[in-house]
Amino acid sequence: MKRSRFSSIVITMIVVLGLLLGACQAAPATQATSKEPVKLVVLTHWGEESLATPMKALLDEYTKANPNVTIEYQAVTFDQLLTKISTSRAAGTAPDIIHIYNLWMPDFVKGGALATPPADVVADVKANYSPGSVSAVTVNDQIWGYPTEINTWQLVYNKKMFADAGLSEPPKTLDELKDYACKLTKKNPDGTLVHTGLAVLTGWDSGVVHPFLSLLWSNGGEYLASDQSKAMFNSPQSKEVLQAYSDMIKEGCVDPGLGGGFNDFVTGKSAMVIMANFFRSDLQKSFVDGYENVGVAPIPVGPSGDKSVALQYNWLWTVDKTSKNAEEAWKLVKWLNSPRGEGKASPMGEYLTSALGAIPSRLSDQKALSDTLSDFFLKAYLDSASTSQPEPVLVGGQEIKTALQTQIENTWYDKASIDEALQSAATEADRILSENK
């Protein structure tokens, strides 16, 4: 689920293209009735066989029950999803239904790219999702689609490596995180590295910024002002977090040059990583020391904080505004996200937990799938959602995130001091916020 560094450029293209298409588009075509042949194009980033096959099976199930509907399933990698949406809209071949990261939503809305959901969809979302999930898919007081999954970030650790290092429990504070990272780092007699104590996720905006913000909020700091008028991450609390990273890197307990990120943890090259829950399936299939040796713990609390706060972000199903079959598209989206019966899960709930190992947003899915969600890994993340903080969703949010990612990595690679990096990122963020008032 990585994001390209060109994401902010692509979002700008989407906004411009959306405005142009909105200005030039003729009156909406007559929407198909339930008896007319309808073709729907569905676009996601679930292209791997293990993800695409069960999603196609759900779509086939729908077409069998609705023989007038045919569905073309398109999937690209996550870092190509924005580009695919942009180029298809420019070519007049936009998919009818798209699964999007909610951080993109304000720019999509500004560019007129999204269809307004029908009243029954809006009512369903309001009635059956938590306030946080509803807020996550709302822009300008309008709900724009169905929330699908809850993702939070937690500290994931290797229980076997902890035991080998004489550590019986995960770190609870930022100072302990630094101490443990060095105690868990192991080298060969010739000085070559066996494994680091903590992996960092480089080259991916969410992988860099989301763990940082989780640590920042757990250290009593803020990302943006409450009115979103200026950046707040050039603060003493932020400096404490980046200093902790810097200390671990200088002592060889963290090595951003490894470049493997989460895979370093999976393959045993690192003992800890701050990661989101959607990688559960990778751990079940590939973790070097077996899934039973995976541990999950809250984000360590910094010296200026008083509680652990995990960052939460969301995804949603929505419909492209240019769709000629928007009514049928919303019917499919609603079916995917509606319970199969009393006390049963929705098709999306089944898919998210079985194929992705993710936590469904729909409250009835969480209840119906409680046995699955009681798995130690998913339960830890689900529990963290009650004290998590949502990623701010605003126009220009992606650009701010990319600017901060760049400067955090500059401190990791010793290209800028902590003060210089944070001030540079804050200056850029303030410019973006000012331009989008």
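How many helices and strands does the chain have? The chain has 19 helices and 13 strands, where helices are DSSP runs of H or I with at least four residues, strands are E runs of at least two, and both are numbered from the N terminus.

Before the details, the basis. This is a predicted model, with local features needing pLDDT of at least 70 and side-chain atom pairs counting only at pLDDT 80 or more, while totals for chains, interfaces and linings use all residues. Residues are numbered from 1 along each chain as its sequence is written, and side-chain values use heavy atoms, with hydrogens and water left out.

Overall dimensions next. The C-alpha atoms fill a box of roughly 70 × 45 × 35 Å along the principal axes. The radius of gyration is 22 Å, which agrees with the value near 22 Å for a compact globule of 437 residues; that radius is taken over C-alpha atoms, and the globule rule is 2.2 Å times the number of residues to the power 0.38.

Of the 437 residues, 56% are buried, meaning under 20% relative accessible area with a 1.4 Å probe, counting protein chains only. The accessible surface comes to about 17900 Å², and 51% of that belongs to carbon and sulfur atoms; the areas come from the Shrake-Rupley method with a 1.4 Å probe.

On contacts, defined as heavy atoms within 4.5 Å: among those between residues at least 6 apart in sequence, 76% join residues at least 24 apart.

The pairing of β6 can be read strand by strand; two strands pair if DSSP finds at least two bridges between them. With β11, residues 311-319, β6 pairs in the antiparallel sense over five bridges, and Asn151 has Tyr313 as its bridge partner there. Strand β12, residues 359-360, is antiparallel to β6 over two bridges; in β12, Ile359 stands opposite Ile150.

Further along, β9, residues 272-276, runs antiparallel to β6 and is joined to it by five bridges. Met272 of β9 is the bridge partner of Tyr157. Strand β10, residues 294-297, is also antiparallel to β6, through four bridges, and Val296 in β10 is the bridge partner of Val156.

Methods:
Buried < 20%, exposed > 50% of the residue type's maximum accessible area, 1.4 Å probe, protein only.
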